[in-house]
Amino acid sequence: MEKSIYSKEYTLVLARLREERDAAGLTQQNVGTRLGQTQSFVSKCERGERRIDIVELRAFCRAIGVPFAKFVGELDKAIDE
């Protein structure tokens with residue numbers, strides 16, 4: 001398994017994260033505030049400049065308001081396609 005932040009799978013993680021944020025009607029600033037971070041932090045994460053781990057992914061999901069299990073389940077299906 002490729003570990004690069006540029007792998008197909010990680011690209012899907014970031015795309016789904018942005019989609020969920022947009023669907024929730026939240027800006028990067030909104031999410032950053034909820035995470036106790038800056039808008040710049042969120043932007044770097046979404047662009048793949050900063051790789052997020054599973055604990056941070058869970059925090060992002062909570063900040064966006066999407067259940068973590070739902071996010072991961074949908075991501076798993078997208079990766080299998």
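**Helices, burial and salt bridges in a predicted model**

Guide: From the N terminus on, the elements of this protein run α-α-α-α-α. The model is predicted, with local features requiring pLDDT of at least 70 and side-chain atom pairs pLDDT 80 or more, while totals for chains, interfaces and linings use all residues. Residues are numbered from 1 along each chain as its sequence is written, and side-chain values use heavy atoms, leaving out hydrogens and water.

Visitor: What makes a segment a helix here, and how many helices and strands are there?

Guide: Helices are DSSP runs of H or I with at least four residues, and strands are runs of E with at least two, numbered from the N terminus. The protein has five helices and zero strands.

Visitor: Why is the radius of gyration said to agree with a compact globule?

Guide: The radius is taken over C-alpha atoms, and the globule rule is 2.2 Å times the number of residues to the power 0.38. For 81 residues a compact globule would have a radius near 12 Å; the protein has 12 Å, and therefore the two agree. The C-alpha atoms fill a box of roughly 35 × 25 × 20 Å along the principal axes.

Visitor: Why is R21 called buried?

Guide: Buried means under 20% relative accessible area, exposed over 50%, and partly exposed in between, using a 1.4 Å probe and protein chains only. R21 has a relative accessible area of 10%, so R21 is buried. E46, at 5%, therefore counts as buried. Of the 81 residues in the protein, 36% are buried.

Visitor: What makes R21 and E46 a salt bridge?

Guide: A salt bridge requires a side-chain nitrogen of Lys or Arg within 4 Å of a carboxyl oxygen of Asp or Glu. The side chains of R21 and E46 meet at 2.6 Å, N to O, and so form a salt bridge. This pair links distant parts of the chain: R21 lies in helix α1 (residues 8–23) and E46 in helix α3 (residues 39–47), 25 residues apart. R21 also forms a salt bridge with D22, at 3.5 Å, N to O.

Visitor: Why is R47 called partly exposed?

Guide: R47 has 49% relative accessibility and therefore counts as partly exposed. The side chain of R47 meets that of E49 in a salt bridge, at 2.5 Å, N to O.

Visitor: How many salt bridges does the structure hold, and which residues are linked in a network?

Guide: The structure holds eight salt bridges. R16, E19, E20, K70 and E74 are linked in a network of them.
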